[in-house]
Amino acid sequence: MSTDTESVKVWDPFVRVFHWSLITLFGIAWWSGENHDMERHKQAGYAIFALVVFRVFWGFAGSRTARFAQFLKGPGAIMAYLKTHDGERPSDGHNPLGGWSVVALLSVILVITLAGLFAVDVDGIESGPLADWVSFDTGRIASEWHESVFKAALAVIGLHILAIGYYQVLNAHNLIGSMITGRRERAKGEAVEDVKWSPVMALIGIAGVGALTWAVMSGFKFG
Ligand code: HEM
Ligand code: HEM
């Protein structure tokens, strides 16, 4: 149960740390990619890979509001939300529309990262750690995907920031504050419990993602 009856815990610490680290690292990857600082670019890229893979795992094993099954709703629920949503009551986690934006954000970032792992630049000097496993031409295609999906990601992120701004300003829901503190205001008479998460699942996720990221960084060459 919540200790504070006016507010309820809506986001677990992993979702929050994931979010703010992702923004920081995305900025570093963008800046270093444009400036061809490949050392830093790859480090930021690996960290983003680890974060996003952990978030996907957490979407199945995390707290109530982190789970895909909880926030991915069909078209009926989305239409009902759009028709009846009065802006009064904050959602218990992502709303039916926002849920799909999470999938869009995670997908574009995962595709950029996966493409980056196989990418090769024009003269073959810079490459991702898995580029040796594919031909030069395939590496170039990965590179093109890396760049074009990056541009698509900027559009998706732009929409994301506009949507958050809309809720924040016009609906007066402090979504940004909730993503920082993990808490949101409880609507009048709302019986909802704090989110809970399993430390065992978190440890399994961290260990698994750590091992996978290490294997990826070493190009799956363990000799
Ligand atoms: C979300 C994460 C990432 C973002 C936002 C990102 C973004 C970028 C950008 C903006 C460029 C410059 C493209 C250009 O103008 O030439 C670039 C190039 C590159 N990135 Fe990433 N990147 C990410 C992850 C990764 C990862 C994980 C790797 C591999 C470890 C990687 C490897 C490369 C390589 C090898 C290039 C040079 C390719 C070329 O010039 O065609 N990137 N990236
Ligand atoms: C300053 C800019 C940003 C602000 C203020 C912001 C704010 C937020 C807020 C408030 C949420 C929770 C939405 C809800 O209540 O349903 C959220 C979710 C999310 N944001 Fe952002 N965001 C920003 C930039 C970004 C960027 C740059 C990325 C990607 C690189 C991103 C990726 C995500 C993802 C994946 C989620 C889903 C969180 C989860 O369930 O794990 N955001 N953002």
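Around ligand 1 sit 26 residues, of which G33, G45, G116, D121 and G128 come nearest; a residue counts as near if its C-beta atom, placed from the backbone, lies within 6 Å of the molecule. This is a predicted model, so local features need pLDDT of at least 70 and side-chain atom pairs pLDDT 80 or more, while totals for chains, interfaces and linings use all residues. Residues are numbered from 1 along each chain as its sequence is written, with chains lettered from A and ligands numbered from 1 in the order in which they are written.

Helix 1 (13-34), helix 2 (38-61), helix 5 (96-118) and helix 6 (136-169) each give two or more residues to this shell, and helix 2 provides the largest share, six. Helices here are DSSP runs (H or I, at least four residues), numbered from the N terminus. By type, the shell splits into 12 nonpolar, nine polar and five charged residues. Asp, Glu, Lys and Arg count as charged, Ala, Val, Leu, Ile, Met, Phe, Trp, Tyr, Cys and Pro as nonpolar, and the others, Gly among them, as polar.

Ligand 2 has 20 residues around it, with F26, H94, L105, L175 and M179 closest. Here the elements giving two or more residues are helix 1, helix 5, helix 6 and helix 7 (175-181), and helix 1 gives the most, six. The make-up is 15 nonpolar, four polar and one charged.

As for helix 1 itself, F14, V15, L25, A29 and G33 are buried, that is, 20 or more other C-beta atoms lie within 10 Å of their own. Just past this helix, H36 takes a positive phi of about 55°.

Methods: A residue is buried if 20 or more other C-beta atoms lie within 10 Å of its own, exposed if 12 or fewer, and partly exposed in between; C-beta atoms are placed from the backbone.
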